[in-house]
Each structure stands twice: as C-alpha cells, then as structure tokens.
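Please look over the structure below before reading the briefing that follows. The notes begin with charged side chains and then turn to other topics.

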Amino acid sequence: VFAPVLNRHGNCTLRFVDLDGGLFQDLPVTRTFSRSIYTRLVLQRFIEPRRRRLLYLDADTIIGGDITPLWQAELGDATLGAVPDHFRLDPARIGFGEDEPYFNSGVLLIDMERWRARNCERRVFDVLARCGDRLPWTDQDALNLALRGEVRFLDLCWNWQPRCADVP
C-alpha cells in the first residue's frame, strides 16, 4: 500500500519498528484511547540524532496540499509547534487557566534537538505517572502540561477540523 508513495519519492524510506510490549504497560487506557496513543511520546528513540525536526501526524490526518510551509514554520526557541485546540471544554480540570493556550496533539512539529535536550519524553511520562489516570485526554493533556510555555502556536489551517468553522 505504501509502494506508490515510496516510488514517487526517492528520498523516502519506510521502517517498521516493533515496540516493547511492556513499554506503556503502566499508562492509563480508556475505551476511547488504547496504549498506541503513547507511541508519539517515544519517537526520539527511532529518529537518528542528526534529524533536527520531526513532523508527527495522527493517522486520521488528511493532507490536502503542500505541507512544506508547515515543515519550515519558525519555532523560535519552542520545543514544538502545534495548533491551538479551541475545543478543550474544561481546561481548569487539568490545571490550565481559562485563557491559557492549549494545543491539539494530532499535528506536531517537533524540534528534536530541544526535545532531547529538555528531556521532554521523561517529563511527559512523569506527568502521566503523577496524574495520568485523571487526565481526560491522557497523552494530549500530559503533553500540554509537560511542555507548557515551550510551544509555538501555529495557524489553525495546519490542523483544521470541521468544528473549526465555528471558531471566530
């Protein structure tokens, strides 16, 4: 199924990685979220250190055009770029203020050098260990809590959802 894409893009490679079955054993799961949601948290383990950026896209993301401008987005000194999530109904439930920015983790542009240097994987896992069972959006909430103040918020067009039509 990936052969046509790989044939069209000679600089593209595809590698499958088997994850240790116990890696996410102690993390919370729900009827909606399986352990697979935590995979994005450990991507640094599979990305060569020379790679400076990583673009993570959820499996349900539809690409409708050229994403080069997203890849080239200026992050400043932020660890990651993400789109604000205007649909978080109760930010206070996880300790966020009403006007404090919160991001959707379906599209993440990650500065891998900063991610590693700032020990982000460990910080997110620490949040999950401390209060993961009380986080409604588990990994997304944990990412927001652990990377508070380290996010460059990107234009809504990079993670547009139909309900975005209601955002002023």
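R50 counts as exposed at 59% relative accessibility, where exposed means over 50% relative accessible area, buried under 20% and partly exposed in between, with a 1.4 Å probe and protein chains only. This is a predicted model, in which local features need pLDDT of at least 70 and side-chain atom pairs count only at pLDDT 80 or more, while totals for chains, interfaces and linings use all residues. Residues are numbered from 1 along each chain as its sequence is written, and side-chain values use heavy atoms, with hydrogens and water left out.

**Salt bridges**

- A salt bridge is taken as a side-chain nitrogen of Lys or Arg within 4 Å of a carboxyl oxygen of Asp or Glu, and by this rule the count comes to 12 salt bridges.
- The side chain of R50 meets that of E48 in one of these salt bridges, at 2.7 Å from N to O, and E48 is partly exposed, with a relative accessible area of 40%.
- R118 and E150 also form a salt bridge through their side chains, at 3.6 Å from N to O.
- Because R118 lies in the loop between α3 and α4 and E150 in the loop between α5 and β4 (151-153), this pair ties together parts that are 32 residues apart in sequence.
- R118 counts as partly exposed at 28% relative accessibility, whereas E150, at 15%, counts as buried.
- In a further salt bridge, the closest N and O atoms of D126 and R122 are 3.0 Å apart, and both residues lie in helix α4, 4 residues apart, which is about one turn of the helix.
- D126 is partly exposed at 34% relative accessibility, and R122 is partly exposed at 42%.
- Salt bridges that share partners join R40, D58 and D139 into one network.

**Helix α4**

- Helices here are DSSP runs of H or I with at least four residues, and strands are runs of E with at least two, numbered from the N terminus.
- The expected span of a helix is 1.5 Å times one less than its number of residues, so the 12 residues of α4 (residues 120-131) should span 16 Å, and the 17 Å between its end C-alpha atoms agrees with this.
- The buried residues of α4 are C120, E121, V124, F125, V127, L128 and C131.
- These residues cover an arc of only 160 degrees around the axis, which puts them on the same side of α4; the arc is that of the directions from the helix axis to the C-beta atoms.
- What covers the buried residues of α4 includes α3 (112-117) and α5 (138-146), with contact meaning heavy atoms within 4.5 Å.
- On the other side of α4, A129 and R130 are exposed, and A129 has a relative accessible area of 66%.
- Although A129 and L27 are 102 residues apart in sequence, their C-alpha atoms are 7.3 Å apart in space.

**Backbone angles**

- Most residues other than glycine have a negative phi.
- N119, which is not a glycine, has a positive phi near 55 degrees; N119 sits in the loop between α3 and α4 and is partly exposed, with a relative accessible area of 43%.
- T138 is likewise not a glycine and has a positive phi of about 20 degrees; T138 lies in helix α5 and is buried, with a relative accessible area of 1%.
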